[in-house]
Each structure stands twice: as C-alpha cells, then as structure tokens.
Amino acid sequence: GFFFSSQIWLEAEDASLFTEGEEVTLMRWGNCRITKITKDTAGNVTALEGALNLSGDVKKTKYKVTWLAAAGGGDAKSPESRPVKITCVEFDHLITKPRLEDGDNYNDFVTECSRFETQVLGEAALRKVAVGQLIQLERRGYFRCDVAADQADASAPIVLFNIPTGKKKSMSSVKTKVATKS
C-alpha cells in the first residue's frame, strides 16, 4: 500500500531549495506551504515544517518533489509499513580513456574507484522486490535488485545496482556520485 504520515522524508537536495512561505508539490499527494525551515550551524536544512494545501494548484508550484512517509503511516509499529534501508550502487567506467591506442599500458588508464554506494530510504513495498527484478526509483533511475530484503533482519539493506542508460546527462535530478563524462 501507499502510506501517508504527519512526518515525511524529503531529499536533502530538495529541502535546501525551499524558502519559508513557499508552496511546493508533494507528488501523488498535493501541495504543502513551507512554514518553518531549521538549519544546522553549517547551513544545512535539518527540518522543515509545513501545512498541507490540497486545494493548491500543482501547476503554480516551482518544485514537485518525491517524499516518503517517515513512520510508515497509520500503523507505525508494524515493520511492514516502515521505510526500508537501501544501498544504491553505481558503477563508473573501468577505463578512464575512451579508446586505448596501440602501445598504451591499460594499467595507466584503470579507474581507481569504479563502485559508489549511496544509502537511501525507500517505501515499504520495496520489501517485495526479488533478486534480479528490474525497478525504477523515481528521480534516481532504473535498478536491478542484487540483494533482496532479509525477512529475518529488517536492518539489513536491500542492494540495488544502477542500470546505466548510456546517456551523458542523467535524467535524474538527484545528484550522483559518478562523475558525468563529456
């Protein structure tokens, strides 16, 4: 199912764009007016407060963002309704040069680190994803499940491998740890 909650998680990148008094669209829910922004000493947003305005005009908001119910909605005590931990794995090119020439020593062009991991939270329904299944995470891209949810250990993350699209510029609006090649 799809869970709503009085507390939600947003991408930190999204939260950093908002201003107090601004109305934003929570995708698949409606509009919300940001009433308070709390920041740490480094200027990073640590909390937002807002008021739903479900009659607001989605077309008039600058930001349309994905969100996740923080406590899993109505039955926060139920492990099946809580967000699930996910490790998103991205792979960079193994070789730093587009084409090796005769005489090139390939060891000189091996990427030092080609695997990057990002820890995220996902909706509870992702517990049902099976190994090998292909899924899309909104605004992040397409992934293949490498390690499914461990029913015996709810703290173990699901591991998803990013599927490269071959495009130079990612369709995702969420930052990636892999440097974009020109």
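Tryptophan 67 is buried, with a relative accessible area of 13%, where buried stands for under 20% relative accessible area, exposed for over 50% and partly exposed for what lies in between (1.4 Å probe, protein chains only). The structure is a predicted model, in which local features need pLDDT of at least 70 and side-chain atom pairs count only at pLDDT 80 or more, while totals for chains, interfaces and linings use all residues. Residues are numbered from 1 along each chain as its sequence is written, and side-chain values use heavy atoms, with hydrogens and water left out.

A search of the whole structure finds 5 aromatic pairs, a pair being rings of Phe, Tyr and Trp (its six-membered ring) with centres within 6.5 Å, counted as stacked when the planes are under 30 degrees apart, as edge-to-face when over 60 and as tilted for the rest. One of them joins phenylalanine 4 to tryptophan 67 in a tilted arrangement, 5.7 Å centre to centre and with 35° between the planes. Phenylalanine 4 belongs to the segment before E1, and tryptophan 67 to the loop between strand E5 (64-65) and strand E6 (68-69), 63 residues apart; strands (E, at least two residues) and helices (H or I, at least four) are DSSP runs numbered from the N terminus. Phenylalanine 4 is partly exposed, at 38% relative accessibility.

Tryptophan 29 also forms a tilted pair with tryptophan 67, at 4.7 Å centre to centre and 45° between the planes. Because tryptophan 29 lies in the loop between strand E2 (23-26) and strand E3 (30-39) and tryptophan 67 in the loop between E5 and E6, this pair ties together parts that are 38 residues apart in sequence. Tryptophan 29 is partly exposed, at 24% relative accessibility, and ring pairs link Phe4, Trp29 and Trp67 into a cluster.

## Salt bridges

The count comes to 7 salt bridges, each defined as a side-chain nitrogen of Lys or Arg within 4 Å of a carboxyl oxygen of Asp or Glu. Among them, glutamate 11 pairs with arginine 140, the closest N and O atoms being 3.1 Å apart; glutamate 11 sits in the loop between strand E1 (8-9) and helix H1 (12-15), and arginine 140 in the loop between strand E9 (134-137) and strand E10 (141-147), 129 residues apart. Glutamate 11 is partly exposed at 21%, whereas arginine 140 is buried at 18% relative accessibility.

Arginine 139 forms a salt bridge with aspartate 14, with 2.7 Å between the closest N and O atoms. Since arginine 139 lies in the loop between E9 and E10 and aspartate 14 in helix H1, the pair ties together parts that are 125 residues apart in sequence, and both arginine 139 and aspartate 14 are buried.
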